[in-house]
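Below is a note for a colleague who has not worked with this model before. The points are numbered so that each can be checked against the structure.

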Amino acid sequence: MKSFRKELWFNIPTRRAFINITPQIEDCLRESGVKEGLCLVNAMHITASVFINDDESGLHQDYEVWLEKLAPHEPVFQYKHNRTGEDNGDAHLKRQVMGREVVVAITNGRMDLGPWEQVFYGEFDGQRKKRVLVKIIGE
Amino acid sequence: MKSFRKELWFNIPTRRAFINITPQIEDCLRESGVKEGLCLVNAMHITASVFINDDESGLHQDYEVWLEKLAPHEPVFQYKHNRTGEDNGDAHLKRQVMGREVVVAITNGRMDLGPWEQVFYGEFDGQRKKRVLVKIIGE
Amino acid sequence: MKSFRKELWFNIPTRRAFINITPQIEDCLRESGVKEGLCLVNAMHITASVFINDDESGLHQDYEVWLEKLAPHEPVFQYKHNRTGEDNGDAHLKRQVMGREVVVAITNGRMDLGPWEQVFYGEFDGQRKKRVLVKIIGE
């Protein structure tokens, strides 16, 4: 069994953003040499997300509006978590809706994705350095 | 390490539905010959879901009502994604709540599920052919 | 390939709670002897969750308030599922938001977690015995 590990680093200039990281994961996969196996991609931070959906800017605006309705950033005092001095209570909630991680099948050395599936980093509390972990196991 | 891959195809006649796919995954597991490992089951389409919950029709109606409240289909113009000519903006949101994939342990050649756990395909934009990927790795 | 399986048992005295199970999973990992691989941790019950977030009590109160707003327990008759004699319809919905499972990378014999990542058991219909499955594969 082969295993491979890499961290992808981000420093998003805005509070929230969706970044297509599919090319970086394909690079990891090539570097790993794994032909059959599983690829785990997870946010290492608890106010960020890794998820799979469509690379369509209108949809990403819909996610932004929808998540802000489900878990508004303001007023910040509505979240007990923010009494710790943080203002990111909403980000911990938004990330639960979008998910921490994806597991992608590896087949013939490629990510085994459907026609429109793309992997995204979802940032909900940016303006600082954060990481995504790519872990690949297989043969 | 063994690996196994199969696509399950669906063509749901309605816009939304929940289909119990546990028997098909058990068939895959038998065919794979894997006794110890992990089984990934994921929607290959971004307006569909694979999730684990109870096979109880009242609950499925509750999911339908609840998801429609969290992310209503109508009015379709409320979603920027629908400016692309689609009317499935809501389906991309509903799928994030229900999730893209499940990972199930394989123990002694069986899916290692709790007493009420069943695997479902969740369709949120049906009336066309769509796929689920089953990927099994182990020994 | 090594594989390891263990059930963690819970009997939560309240209806809802969040329990940090990171130390128990670290124990499983040591017992497994796996140095490189993947660790699946999933609720075996469909009204409970395993998720990763922050071990901060204010945040856990925020989750409690937020989930109760998204899927209120009362009135219990609002859920068709409760016509079966249950009163846990809301718990099946809350669990979908928080998720059934996490997959954690194993690197150098340790859970490969970010600085604040902790693994939690989320109970939404307690006061009875329930289980979490830990399945580890690797080498």
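**Notes on the model**

1. Arg131(C) is buried, with a relative accessibility of 16%; buried means under 20% relative accessible area, exposed over 50%, and partly exposed in between, with a 1.4 Å probe and protein chains only. Its salt-bridge partner is Glu7(C), and the closest N and O atoms of the two are 3.0 Å apart. Here a salt bridge is a side-chain nitrogen of Lys or Arg within 4 Å of a carboxyl oxygen of Asp or Glu. Glu7(C) belongs to strand β1 (residues 2–11) of chain C and Arg131(C) to strand β8 (residues 129–138) of chain C, so the bridge ties together parts 124 residues apart in sequence. Helices (H or I, at least four residues) and strands (E, at least two) are DSSP runs numbered from the N terminus. Glu7(C) itself is partly exposed, at 22% relative accessibility.

2. On the basis of the values: this is a predicted model, in which local features need pLDDT of at least 70 and side-chain atom pairs count only at pLDDT 80 or more, while totals for chains, interfaces and linings use all residues. Residues are numbered from 1 along each chain as its sequence is written, chains are lettered from A and ligands numbered from 1 in the order in which they are written, and side-chain values use heavy atoms, with hydrogens and water left out.

3. Which residue forms a salt bridge with Arg15(C)? The partner is Asp125(C), at 3.7 Å from N to O. Arg15(C) sits in the loop between β1 and β2 (17–20) of chain C, and Asp125(C) in the loop between β7 (118–123) and β8 of that chain, so this pair links parts 110 residues apart in sequence. Arg15(C) is partly exposed at 25% relative accessibility, whereas Asp125(C) is buried at 5%.

4. In chain A, salt bridges that share partners join Arg16(A), Glu64(A), Glu68(A), Asp90(A) and Lys94(A) into one network. Over all chains the count is 51 salt bridges. One of them, in chain B, pairs Arg100(B) with Glu101(B) at 2.4 Å from N to O. Arg100(B) is buried at 7% relative accessibility, and Glu101(B) is buried at 14%.

5. Thr47(C) is in the loop between β3 (37–43) and β4 (48–53) of chain C. Is Thr47(C) buried or exposed? Thr47(C) is buried, at 5% relative accessibility. Its side chain makes a polar contact of 2.8 Å with that of Lys130(C). A polar contact is a pair of N or O atoms within 3.5 Å; within protein, one must be able to donate a hydrogen and the other to accept it, and residues adjacent in sequence count only if both atoms are side-chain atoms. Beyond neighbours within four places in sequence, the residues in contact with Thr47(C) include His92(C), Arg95(C), Phe124(C) and Asp125(C); contact means heavy atoms within 4.5 Å.

6. How many disulfides does the structure hold over all chains? The count is zero, a disulfide being a pair of cysteine sulfur atoms within 2.5 Å. For Cys39(A), the nearest cysteine sulfur is that of Cys28(A), 7.3 Å away. Cys39(A) is buried, with a relative accessible area of 1%. For Cys39(B), the nearest cysteine sulfur is that of Cys28(B), at 7.2 Å, and Cys39(B) is buried at 0%.

7. Chain B superposes on chain C by a rotation of 120° with 0.0 Å of shift along its axis, at an RMSD of 0.0 Å. The two copies are thus related as by a three-fold rotation axis. In chain B, the C-alpha nearest the axis belongs to Val97(B), 3.3 Å from it.

8. Chain B and chain C bury about 2,500 Å² between them, 59% of it on carbon and sulfur atoms. Buried area is the accessible area (1.4 Å probe) that two parts lose on being put together, summed over both. The contact takes 34 residues from chain B and 29 from chain C. There are three salt bridges between these chains, and Asp112(B) forms a salt bridge with Arg5(C) at 2.5 Å.

9. Chain A and chain C bury about 2,600 Å² between them. Met1(A), Ile46(A) and Gln96(A) lose the most area on the chain A side, together 24% of what that side buries. Glu117(C) and Arg100(A) meet in a salt bridge at 2.7 Å from N to O. On the side of chain A that touches chain C, α3(A) gives the most, with five residues.

Key
Least-squares fit on C-alpha atoms with pLDDT ≥ 70 in both.
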